[in-house]
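I opened the model to look at a few local features. The entries below follow the order in which I looked them up.

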Amino acid sequence: MVDPNEQEVAAMRTAGDIAGQYIEAVGRTDMATWSPEDWRGFIEAVCGAYVDALVEQQIAINTALSKVQGVPA
């Protein structure tokens with residue numbers, strides 16, 4: 001990613017945390033020993049966490065904006 005913004009960096013941090021949790025759950029840090037299912041699960045966990053973090057940030061931004069604008073959420 002070229003020149004990520006602060007929301008993207010925060011989402012990457014979240015995805016990194018989830019990646020670590022996934023690796024701990026698999027119980028093997030040598031990714032060369034992972035099965036195709038382990039890899040798929042890892043990619044799903046990391047990508048899902050990244051997207052979820054961006055969506056959560058956008059919801060928070062929209063909520064704050066509607067409060068400032070006086071629009072019911």
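I began with Ala32, which I found in the loop between H1 and H2; helices here are DSSP runs of H or I with at least four residues, strands are E runs of at least two, and both are numbered from the N terminus. The model is predicted, so I kept local features to pLDDT of at least 70 and side-chain atom pairs to pLDDT 80 or more, while totals for chains, interfaces and linings use all residues. Residues are numbered from 1 along each chain as its sequence is written, and side-chain values use heavy atoms, with hydrogens and water left out.

I looked up the accessibility of Ala32: at 71% relative accessibility it counts as exposed. The classes are buried under 20% relative accessible area, exposed over 50%, and partly exposed in between, with a 1.4 Å probe and protein chains only. I also noted that the C-alpha atoms of Ala32 and Tyr50 are separated by 24 Å, the two residues being 18 residues apart along the chain.

**Before H1**

Asp3 sits in the segment before H1. I read its phi as near 50°, a positive value in a residue other than glycine. Asp3 counts as exposed, at 69% relative accessibility.

**Helix H1**

I checked the length of H1, residues 6–26. Its 21 residues should span 30 Å at 1.5 Å a residue, and the end C-alpha atoms are 30 Å apart, which agrees; the expected span is 1.5 Å times one less than the number of residues.

Which residues of H1 are buried? I listed Ala11, Ala15, Ala19, Tyr22 and Val26. Seen down the axis of H1, these buried residues fall within an arc of 90°, so they line one face of the helix; the arc is that of the directions from the helix axis to the C-beta atoms. As background, an α-helix has 3.6 residues a turn, so residues three or four places apart point the same way. On the other side of H1, I found Glu6, Arg13, Asp17 and Glu24 exposed. The cover over the buried residues of H1 includes helix H2 (36–69), where contact means heavy atoms within 4.5 Å.

At the N-terminal end of H1, Asn5 is the cap, with a side-chain oxygen 3.0 Å from the backbone nitrogen of Gln7. Just after H1, I noted a positive phi of about 85° at Gly27.

**Salt bridge**

I found one salt bridge in the structure, defined as a side-chain nitrogen of Lys or Arg within 4 Å of a carboxyl oxygen of Asp or Glu. Arg28 forms a salt bridge with Asp38, and the closest N and O atoms are 2.5 Å apart. Arg28 lies in the loop between H1 and H2 and Asp38 in helix H2, so the pair ties together parts that are 10 residues apart in sequence. Arg28 is partly exposed at 33% relative accessible area, whereas Asp38 is buried at 16%. Not counting residues up to four places away in sequence, Asp38 touches Tyr22, Val26 and Arg28.

**Aromatic pairs**

How many aromatic pairs does the whole structure hold? My search found five; rings of Phe, Tyr and Trp (its six-membered ring) pair if their centres lie within 6.5 Å, with planes under 30 degrees apart stacked, over 60 edge-to-face and the rest tilted. The rings of Tyr22 and Trp34 have centres 5.9 Å apart and planes at 65°, so this pair is edge-to-face. The pair links distant parts of the chain, Tyr22 in helix H1 and Trp34 in the loop between H1 and H2, 12 residues apart. I found both Tyr22 and Trp34 buried. Tyr22, Trp34, Trp39 and Phe42 form one aromatic cluster.

Definitions and conventions:
A polar contact is a pair of N or O atoms within 3.5 Å; within protein, one must be able to donate a hydrogen and the other to accept it, and residues adjacent in sequence count only if both atoms are side-chain atoms.
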